[in-house]
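User: Could you walk me through how some of the labels for this model were reached? I would like to see each value set beside its cut-off.

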Amino acid sequence: MFDLTNLSVHFGPATALREASLTIRPGDRLGIVGESGSGKSMLALCLMGMAPEAATLSGTLTIDGRDMAEATERDWQALRARRVAMIFQEPMAALNPLSRVGDTVMDPLRLHLGLSKQAARARALDLFAEVGIPDPAARLRQFPHELSGGQRQRVLIALALACDPDLLIADEPTTALDANVALRITDLLVRLSAERNMALLFISHDLAAVARATSDIAVMYGGDIVERGPTRAVLDSPAHPYTRGLLGARPSATSLPRDANGKRARLPTIPGTVPGMAELPKGCRFAGRCPVELPHCASERPALTKPGPDRSAICHVLSQEVSA
Amino acid sequence: MKRLPVNLLIGAALVMLVIGAAALSLIWTPHDYTDMNIRGKFGPPSETHWLGTDQLGRDVVSQLMAAARNSMAVALAAVLIGGSIGTALGLLASAIGGWVEDLVMRIADIGFAFPALLFAIMLAAVFGPSLTNAILAISFINIPVFARVARASANQIWTREYVTAAQAAGLTRAAISRDHILPNIAAPIIVQATIEFAVAILAEAALSYLGLGAQPPAPSWGRMLSEAQTLMYLAPQLAIYPGLCIVTAVLGFGLLGDGLRDVTDPRLVRER
């Protein structure tokens, strides 16, 4: 079980993550959505013990009840792959171009499980078959450039599964893949999570993929988790203005928005851009871009409100509605 | 097929010539390079002595070939030793970072502050003139060069996503350095080794010229040069031949190294 309590990450005066609290239990499938720079990758790196050296962390992270504040790099190395593993956005960049993919997958098997070369190869073969790589024996000997994007991502999933982790973090696993392949990879991750009772942290800005892959969702903006809840409920009736904006900006294949003259209208967008980490407003991070902003939004931090069962959001407007 | 750069082709041809002569000398030379014939000294080029004979009547071609072998062996040993130690230090500095990296690189900077050749001469002079000491001295001046190249290239590779992926798989920094960093910095290391080979040949010739390298009767271009120096007005060709050999070898490896760099580093080609 992974437990984050008020975890913050600072780079000098800049805040990358502000008091994030999360609990991940076996078999949970949690989606994290948000724009670039919203802190979702930083959250993932913290769970891997791989936050950049320049970052200062505060708050607590416990893994199976163990406080990781004092954990050394060596402690983390022992946890990675076995307790928590990660797959990455760019399947090409995440594989060493000079290593046969089989060797890459066998590395953690031999290191963590102490398997012999033959045993590691047999296990790698099983893993390749499990993640749906055809002709796994031949693939083991190939180099990354000989595989397609989808195949490479499957290799990386096999690498992440090698030591049977409790939590698999998928950092934008489908962003670099075309839509059809992305769907299949998403389904594969869901299947693996269910079969192995493995928690899945699915980070993406692809709302369709997140909806398909996860049961719960956390929406991040400017280093804050602004809204949490069951995926379906949050996507059907978003509470936080940012979530609403994010969903409104989603292009739809079936109903193209038209303006009054029947011309194709522009896709609605959230006005403005994400400010730099150092220029974020002190109160609600979304202040300045929010369509329903109140005067005190930029200066005061909003409190947690409960817009529905199992749901939470931080927003002044919502807390006003609740108290009214 | 992309056309290979001209410097690579010329360099490769010159290197083949020198290595070919050195390799051939292992099994065959026109004469034994130590055979003296005082009556036939300063002989002109002839059918038996293609480039003539020296002040002791020894065959010049045989001496040049045997010296090539000597020169290649010294340069190879020195680049291998210095290159291995330097690359290992560079990898270590890059893997650990922080004050270790700073320390290694500042020591390398100190190494760079000394003119390489003078430093080698100093070392050879301190530890006594012998071929082994010459090899060690040349190895030593190679260490900072390779440390710097390895560390700079390794730092680039450490930022790659596949290194992050390997870290995420729980690999130690040592394992990552060995399995992922080293193979990916091989190209710049090999390029540097080729260029340093030229430097090592020059250094060996210089040390031998000063009597700090190969000891008689071991043949060496540098020593042939110094022996011919006193006879410059009598038989200038005896100085010109080993001089040309040194130029050929140094130019060959230098061009080959530059050519390899052009081929392996596409950024440099575009700048031309």
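This is a predicted model: local features need pLDDT of at least 70, side-chain atom pairs count only at pLDDT 80 or more; totals for chains, interfaces and linings use all residues.

User: What makes Ala81(A) count as buried?

Analyst: Residues are numbered from 1 along each chain as its sequence is written, while chains are lettered from A and ligands numbered from 1 in the order in which they are written. Ala81(A) has 26 C-beta neighbours inside 10 Å. A residue is buried if 20 or more other C-beta atoms lie within 10 Å of its own, exposed if 12 or fewer, and partly exposed in between, with C-beta atoms placed from the backbone. The count of 26 therefore puts Ala81(A) in the buried class.

User: Why is Asp164(A) called partly exposed?

Analyst: Asp164(A) has 13 C-beta neighbours inside 10 Å, so it counts as partly exposed. Asp164(A) also has a positive phi, of about 55°, although it is not a glycine. Its place is the loop between α6 (149-161) and β7 (167-171) of chain A.

User: How do you know which class Val181(A) belongs to?

Analyst: Val181(A), in helix α7 (residues 179-196) of chain A, has 17 other C-beta atoms within 10 Å, so it is partly exposed. Not counting residues up to four places away in sequence, Val181(A) touches Gly149(A) and Gly150(A). Contact here means that the C-beta atoms of two residues, placed from the backbone, lie within 7 Å.

User: What makes Glu204(B) buried, and which residues does it contact?

Analyst: Glu204(B) has 32 other C-beta atoms within 10 Å, so it is buried. This residue sits in helix α8 (residues 186-209) of chain B. Leaving aside neighbours within four places in sequence, Glu204(B) is in contact with several residues, including Ser71(B), Val74(B), Ala134(B) and Gly222(B).

User: Why is α4(B) called oblique to α8(B)?

Analyst: Helix α4 (residues 116-127) of chain B packs with α8(B) at an angle of about 45°, their axes 10 Å apart. Axes are lines fitted to C-alpha atoms, for helices over the stretch in contact, and angles run from 0 to 180 degrees between N-to-C directions. Angles under 35 degrees count as roughly parallel, over 145 as roughly antiparallel, 65 to 115 as roughly perpendicular and the rest as oblique. The value of about 45° therefore makes α4(B) oblique to α8(B).

User: Which hand does the crossing of α4(B) and α8(B) have, and which residues meet there?

Analyst: The crossing of α4(B) and α8(B) is right-handed. That label is used if the near helix is turned clockwise from the far one by less than a right angle, and left-handed if anticlockwise. Among the residues that meet are Ala120(B) and Ile121(B) in α4(B), and Ala203(B) and Leu207(B) in α8(B). By class, this contact has nine nonpolar, no polar and no charged residues. Ala, Val, Leu, Ile, Met, Phe, Trp, Tyr, Cys and Pro count as nonpolar, Asp, Glu, Lys and Arg as charged, and the others, Gly among them, as polar.

User: What makes α3(A) mostly covered?

Analyst: In helix α3 (residues 101-112) of chain A, nine of the 12 residues are buried. Val105(A), Met106(A) and Leu109(A) are among them. The cover includes α4 (117-130), α5 (136-140) and α6 of chain A, together with α7 of chain B.

User: Which elements of chain B give two or more residues to the side that touches chain A?

Analyst: In all, 15 residues of chain B are in contact with 22 residues of chain A. The elements giving two or more residues to that side of chain B are α6 (161-168) and α7 (173-184). Its residues divide into seven nonpolar, five polar and three charged.

User: Why do β2(A) and β5(A) stand at the edges of their sheet?

Analyst: The open sheet has four strands in the order β2-β1-β4-β5 (chain A), with antiparallel pairing. β2 (14-24) and β5 (66-67) of chain A each have a single partner strand, so one side of each is left without a neighbour in the sheet. Two strands pair if DSSP finds at least two bridges between them, and β1 (residues 2-11) of chain A pairs with β2(A) over seven bridges.
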